[in-house]
Each structure stands twice: as structure tokens, then as C-alpha cells.
Amino acid sequence: MRRAAALVPALRERAAGAESARQMEKRTLDDLHREGLFRFHQPRRWGGMELPFIALFDVPAEIARGCASTGWNVANLGVHHWMLALYDERAQQEIWGEDPDALIASGIAYPQGSGRRVDGGVVISGFWNFSSGVDPATWNMLAVMVRDGDRVVDHRMCLVPRSDYEIVDDWTVLGMRSTGSKSVRAKDVFVPEHRALSMYLARGGTEYPGYRANQNPLYRVPLSALGSHCLAAAGVGNAQAALDLTIEAIKERSTNYTGARMRDFQALQLRVSRAGAQVDAARLSIRADCLAADRIAQEGRAPTLEEKLRFKRNVAWAMEQCTDAVDALHALAGANGIYDRYPIQRLFRDQHALSAHIGFSWDAQGAPWALVAMGGEFSSPTM
């Protein structure tokens with residue numbers, strides 16, 4: 001955490017340039033590799049930190065105070081080390097044995113990929129967007145639905161080397177520009193069985209192929225229920241940055257017309273205070289989920305469906321709080337908030353871009369928990 005905090009000033013200085021480049025700068029990548037900040041959940045036997053599950057949120061949230069896009073990529077590329085630990089030992093050896101610092105991007109939307117079973121593995125094709133950090137990555141985790149005829153028989157995350165997919169440069173967007181979340185395309189790529197993890201084995205518990213080598217309860221946390229919590233760190237860190245920068249700006253700022261100090265207006269005090277409470281509440285809610293998931297894993301059980309849906313409900317609610325806070329703080333900037341040179345304008349755009357993630361959609365994530373809590377039926381094959 002100290003290493004992450006030490007990078008925040010440099011990341012703030014680089015943010016505008018990285019946004020123009022539409023990907024992380026090389027010096028930022030070098031800094032993150034040097035400090036080991038992608039490897040917080042990599043198994044120790046591969047040189048990683050294997051930190052408690054809460055690091056999934058804490059580390060990228062701190063990074064995101066400097067740059068939301070960098071925090072997002074640290075979360076996304078870091079969580080893939082956690083996911084790789086779930087795979088067959090042969091896949092881990094194939095990637096980490098060659099390069100323990102290897103970066104793995106992803107395409108997580110199962111309907112965007114299709115697969116069919118063949119001897120020794122699956123053959124996949126598809127077009128996946130939002131592959132964050134894909135430019136420096138040497139591997140990709142691509143989600144596919146495996147079909148037998150018209151029937152879906154499996155959901156797989158397939159590890160594919162850089163030589164087997166095409167990067168499509170279509171990342172021209174409102175915000176989160178320096179995540180470099182371009183699209184990828186693959187056609188008729190053979191993926192051996194050990195590199196095609198069934199998500200039915202990652203729903204919590206010890207069924208994942210990597211369990212024999214990686215038995216830390218950290219790796220028993222269900223991916224589908226907590227996978228968005230690492231990315232939410234970018235939203236919380238970004239909202240915290242907006243709060244910090246707003247307070248700093250207002251401390252000495254006066255209105256142009258009356259010369260009155262803005263900090264003396266009670267209406268402004270209440271807006272800043274509400275935003276602070278919202279950011280704190282979001283952080284605490286997400287951290288509570290991570291700690292609860294870790295506790296459940298330590299107990300040696302998988303969370304119930306209602307518990308999993310509560311986690312997904314909570315992270316969507318938390319992102320709503322962060323977005324509301326950033327909106328209110330951006331409004332306080334007045335006319336200054338429309339300038340590209342004013343940092344909170346980028347934070348405002350980044351917050352709205354990241355909050356569009358399906359994991360943060362209240363409409364999608366809020367209703368299922370209530371349905372199950374009230375005795376209804378909810379089915380998701382990866383949950």
C-alpha cells in the first residue's frame with residue numbers, strides 16, 4: 001500500500017498524457033512491475049505476494065487516486081493472476097514458468113465467444129470488446145459458450161497467447177481512455193483442455209483444477225460473485241481523488257464577483273460533506289463484501305446464492321454512490337469544470353465511463369438479490 005501511495009503523484013502528472021496515448025505509458029508499466037503491484041494475488045511459489053483477498057480492492061483503489069485508468073488496469077491485470085491460479089498446473093507453468101511477470105488481458109462476455117469441443121480441448125472464435133490493458137499483455141483470457149449443436153453445455157475462460165488473436169484498435173471513448181480497452185478477434189483457435197477453465201468449477205469451493213497446488217482459501221472465493229469488486233476500486237479511488245482535489249481547490253478559493261470565501265457557504269459545505277460520506281460508504285461496503293467472502297472461504301464453504309447476489313447488489317450500489325459524489329463535486333467546479341486542463345473534468349468522464357460496466361448496473365444487479373430473498377427463483381450457470 002505504501003508503494004501504491006508513493007506512485008499517486010506521478011500518476012496524476014501523467015494522466016493527461018496517458019489519456020492522449022489511449023494506453024498506460026511505458027514508464028508507468030515499468031513502475032508497476034518494479035513495485036510488484038500486478039502480483040498481489042499471484043501464488044507465492046511463483047514469486048507473487050498471495051495477499052489476503054481484500055488486497056483485490058485496496059491496492060487498485062489506492063492507485064486509482066492518481067489515475068482511475070491505471071487503477072482499473074492494475075485491478076484487471078492483477079485479478080488475472082488470481083484467476084490463473086485456478087487453472088490446471090500445466091497452464092500456470094506454461095505462462096509463469098516462462099515469465100512470472102506476464103500480463104494477461106481478458107474478454108469476459110461469454111456470448112461474444114463461441115466454442116466447440118474437439119479432441120484435447122476446444123476450438124474458439126469470437127469478437128470481444130473491452131479488453132483492458134491488451135497492448136502490453138502477452139496472453140488473453142477469452143470467454144466462450146461451448147455448444148453441442150444449439151445447446152450450451154459449458155462456459156469457459158480460454159487462455160490464448162498473443163500470436164493467436166488480433167487486437168482491433170477501436171478504443172475511442174468518453175473516458176477511461178488510458179485503459180487501452182481495445183477489442184480482440186480470434187477465429188478457429190485451438191485451446192488445449194488445460195488452458196480452458198470451466199467456470200462451473202470457479203463458483204466457490206475446491207473444485208478448480210489448480211487446487212492441488214494452490215490451496216489458500218483466497219482462491220476459493222467465487223469469481224462470478226466478486227469479480228467486479230476489484231474494478232470498483234477504480235471508481236472509489238477516482239471519487240476519492242475528486243473529493244481530495246475539490247477540498248484542496250476550495251480551501252483558498254473565493255467567488256469572482258463578491259470575493260466571499262467559497263468554503264464559508266453552508267450549501268457548499270453540505271455538498272462536500274455528502275460526497276465524503278458517499279465515498280466512505282462505498283469503500284466500506286465493498287471492503288465488507290471482500291472480508292465476508294474471505295471469511296466464508298476460510299470456513300471451507302461456498303457462499304449461498306443469496307450471499308453471492310448480495311455481493312453483486314452491494315458493488316452496484318456502491319458505484320452509484322461514487323458516481324453521485326463525483327457528479328456533485330464536478331458541479332461545484334462551475335465553469336472551470338468544462339476545461340480539459342481542469343483535472344476533475346477527466347475524473348467526471350472517467351467515472352461515467354467506468355460506471356457503465358455491467359457489474360455496476362443497478363438495474364441488472366439490484367433485482368436478483370431481492371427476488372431470491374423474497375422466495376423467487378434465479379438461475380445463472382456461472383453463479
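**A buried residue and its surroundings**

Author: Val74 counts as buried because its relative accessibility is 0%, where buried means under 20% relative accessible area, exposed means over 50%, and partly exposed lies in between, using a 1.4 Å probe and protein chains only. This is a predicted model, in which local features need pLDDT of at least 70 and side-chain atom pairs count only at pLDDT 80 or more, while totals for chains, interfaces and linings use all residues. Residues are numbered from 1 along each chain as its sequence is written, and side-chain values use heavy atoms, with hydrogens and water left out.

Val74 sits in helix 4, and helices here are DSSP runs of H or I with at least four residues, just as strands are runs of E with at least two, both numbered from the N terminus. If we leave aside the neighbours within four places in sequence, Val74 is in contact with Leu32, Leu37, Phe38, Phe40, Val59, Pro60, Ile63 and Val79, where contact means heavy atoms within 4.5 Å. The C-alpha atoms of Val74 and Ala233 are separated by 9.8 Å, although these two residues are 159 residues apart along the chain.

Helix 4, which spans residues 68-84, is also among the elements that cover the buried residues of helix 1, together with helix 2 (26-34), helix 3 (55-64) and helix 10 (343-354). Those buried residues of helix 1 are Ala4, Leu7, Val8, Leu11, Arg14, Ala15, Ala18 and Glu19. Helix 1 itself runs over residues 2-21, and its 20 residues reach 28 Å from the first C-alpha to the last, close to the 28 Å expected; the expected span is 1.5 Å times one less than the number of residues. Helix 1 also bends by about 50 degrees at Ala15, the bend being the angle between axes fitted to the seven residues ending there and the seven starting there.

After helix 1 comes Arg22, which lies in the loop between helix 1 and helix 2. Most residues other than glycine have a negative phi. Arg22, however, has a positive phi of about 60 degrees although it is not a glycine, and with a relative accessible area of 24% it is partly exposed. Phe130, in strand 3, likewise has a positive phi, near 60 degrees, in a residue other than glycine, and it is exposed, with a relative accessible area of 55%.

On a 1 Å grid over the protein atoms alone, a cavity is a set of points where a 1.4 Å probe fits but cannot get out, whereas a pocket is an open set with protein on both sides within 12 Å along at least five of seven lines, and lining residues have an atom within 4 Å of a point. The search of the whole structure finds 5 cavities of 30 Å³ or more, and about 50 Å³ of space lies in the largest cavity, a volume being the space filled by probe spheres set on grid points that are joined across faces, edges and corners. Among the residues that line the largest cavity are Gln23, Met24, Leu29 and Asn73. The largest pocket holds about 1300 Å³ of space and is lined by 49 residues, of which Ile108, Ser228, His357, Ile358 and Gly359 lie nearest its centre. Helix 4 gives the largest share of this lining, with 5 residues.

For another example of a covered helix, turn to helix 7, where 17 of its 23 residues are buried. The 23 residues should span 33 Å at 1.5 Å a residue, and this agrees with its end C-alpha atoms, which are 33 Å apart. His229 belongs to helix 7, which covers residues 229-251, and His229 is buried, with a relative accessible area of 0%. Apart from neighbours within four places in sequence, His229 is in contact with Leu56, Phe57, Ile286, Asp289, Cys290, Phe311 and Val315. Ala239, also found in helix 7, counts as buried at 0% relative accessibility. Not counting residues up to four places away in sequence, Ala239 touches Val279, Cys322, Val326, Leu329 and Gln351, and its C-alpha is 7.7 Å from that of Leu347, which is 108 residues apart from it in sequence.
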